[in-house]
Amino acid sequence: MAHSISPEAEKILDKKFKVLNKGFVRLVDYLGNDSRIVQSARVSYGSGTKTFREDKGLINYLLRNDHTSPFEQVVFTFHIKLPIFVARQWIRHRTARVNEISGRYSVMNSEFYIPAKKDIAFQSEDNKQGRATDAVSPAMMKKVLDNLVDIQDKSYGAYEKMIGDNIARELARINLPLSLYTEWYWQIDLHNLLRFLALRLDAHAQMEIRAYAQVLENIGRTVCPIAFDAFDEHILHSVRLSRSETSALRNIIKGKDTGLDEKQMGRLKGKLDIK
Ligand SMILES: Cc1cc2nc3c(=O)[nH]c(=O)nc-3n(C[C@H](O)[C@H](O)[C@H](O)COP(=O)(O)OP(=O)(O)OC[C@H]3O[C@@H](n4cnc5c(N)ncnc54)[C@H](O)[C@@H]3O)c2cc1C
């Protein structure tokens, strides 16, 4: 059986895609593509790739019906540079293999995340884990940026001094802030990458990790475009409805009352993106 090559992915192998002010994502390698998904799904029938249309139909069928194991046959290795606070959210996705730069072994570089002015926002009142959309004055933006940079400079200055005094790197680093950049190799199969993306492309995810998820999605699409289209169709732009929400939609179609109270109706409209 042929080794699977995706021409669009070959073109971007090793290319660094910039994320945030100093981060990047680089596709180091990949194993398998759309063909591998269909080959592995059809193994029990002894037949390999058929027409493009049939392959597309099969991939959509598999994803729609949660037949996920053929998607685990495709594997990606990424090299990622990211702020530590993003890495802390990222590492919660346990179904990947990670190797991170060691702050015990290496001297950490003076590279920190500083948000773009457009991303500086007040605390949201209705979303406890989110940002408000109210405008932030230029004076307040300056105050925030000056504050962040001041603490980053002070903390890295203290680190450098300790390193200069030959204090152990593993100790000297402990006061470095979460905005410091780290790097890792992250290897994950397609099934789990799609799980990661479904959670981290969502509007509820923090903007900074969403920026990385967006780049991962674009790269993944070069390797398996059909699987990513199926992901758009059946996962990313789908919504999960509760029993009462499903019942309300059924009632609407039948021309009956929804049976939902105002709060429930608001939630359903939110899910369906109805203003
Ligand atoms: C918007 C958002 C907000 C969040 N807020 C918080 C927060 O405030 N605090 C917090 O602590 N976390 C938070 N999280 C992290 C979240 O709770 C999950 O830990 C994270 O999204 C990883 O999800 P997962 O476990 O499905 O992923 P993975 O670890 O990739 O696991 C995928 C699936 O594999 C299975 N699995 C993996 N490992 C095991 C295992 N050892 N045993 C059994 N089954 C396993 C599970 O079925 C799991 O669903 C947040 C996540 C998001 C997206």
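Trainee: Which residue in strand 5 is the bridge partner of Arg97?

Mentor: Bear in mind that the model is predicted. Strand 4 covers residues 97-100, and strand 4 and strand 5 pair in the antiparallel sense over four bridges. Within strand 5, the bridge partner of Arg97 is Gln187.

Trainee: How many bridges join strand 3 to strand 5?

Mentor: Strand 3 holds residues 75-83 and strand 5 holds residues 181-189, and the two run antiparallel. Phe76, for instance, has Ile188 in strand 5 as its bridge partner. The number of bridges that join strand 3 to strand 5 is nine.

Trainee: Over the ring of which residue does the charged end of Lys81 sit?

Mentor: For the charged end of Lys81 the distance to the ring centre is 5.7 Å, and the ring belongs to Tyr181. Another case is Lys16, which lies 4.6 Å from the ring centre of Phe24, over its face. The residue you asked about, under Lys81, is Tyr181.

Trainee: What is the angle between the planes of Trp90 and Tyr212?

Mentor: The structure holds 11 aromatic pairs. Trp90 and Tyr212 form one that is edge-to-face, with the centres 5.6 Å apart. Trp90 lies in helix 4 (residues 84-90) and Tyr212 in helix 8 (residues 207-223), so the pair ties together parts that are 122 residues apart in sequence. The angle between the two planes is 75°.

Trainee: Is Trp90 buried or exposed?

Mentor: The cut-off for buried is under 20% relative accessible area. Trp90 has 0% relative accessibility, and Tyr212 likewise has a value of 0%. Trp90 therefore counts as buried.

Trainee: How many residues apart are Phe112 and Tyr156?

Mentor: Phe112 and Tyr156 form an edge-to-face aromatic pair, with 6.1 Å from centre to centre and 85° between the planes. The pair links distant parts of the chain, since Phe112 is in the loop between strand 4 and helix 5 (138-164), while Tyr156 is in helix 5. Phe112 is buried, with a relative accessible area of 6%, and Tyr156 is buried too, at 10%.

Trainee: Which residue's side chain does a polar contact join to that of Asn192?

Mentor: Asn192 is found in helix 7, which comprises residues 190-200. With 11% relative accessibility, Asn192 counts as buried. The polar contact has a length of 3.0 Å, and the side chain that it joins to Asn192 is that of Thr95.

Trainee: What percentage of the accessible area that the ligand has on its own does the protein cover?

Mentor: The residues that surround the ligand include Arg92, Thr95, Gln129, Arg195 and His204. Oxygen atoms of the ligand lie 2.6 Å from a side-chain N or O atom of Arg92, 2.7 Å from a polar side-chain atom of Thr95 and 3.2 Å from a side-chain N or O atom of Gln129. Of the 950 Å² of accessible area that the ligand has on its own, the protein covers 49%.

Trainee: Which residue caps the N-terminal end of helix 11?

Mentor: Helix 11 spans residues 262-271, and the cap is made by a side-chain oxygen that lies 3.2 Å from the backbone nitrogen of Lys263. Helix 11 is followed by Asp273, which has a positive phi, near 60°. The residue that caps the N-terminal end is Asp261.

Methods:
Residues are numbered from 1 along each chain as its sequence is written. This is a predicted model: local features need pLDDT of at least 70, side-chain atom pairs count only at pLDDT 80 or more; totals for chains, interfaces and linings use all residues. Side-chain values use heavy atoms; hydrogens and water are left out. A polar contact is a pair of N or O atoms within 3.5 Å; within protein, one must be able to donate a hydrogen and the other to accept it, and residues adjacent in sequence count only if both atoms are side-chain atoms. Rings of Phe, Tyr and Trp (its six-membered ring) pair if their centres lie within 6.5 Å; planes under 30 degrees apart count as stacked, over 60 as edge-to-face and the rest as tilted. Buried means under 20% relative accessible area, exposed over 50%, partly exposed in between (1.4 Å probe, protein chains only). A charge sits over a ring if NZ of Lys or CZ of Arg is within 6 Å of the ring centre and within 35 degrees of the ring normal. Two strands pair if DSSP finds at least two bridges between them. A residue is near a molecule or strand if one of its heavy atoms lies within 4 Å of it. Accessible areas come from the Shrake-Rupley method with a 1.4 Å probe; for residues, only the protein chains shown count as cover.
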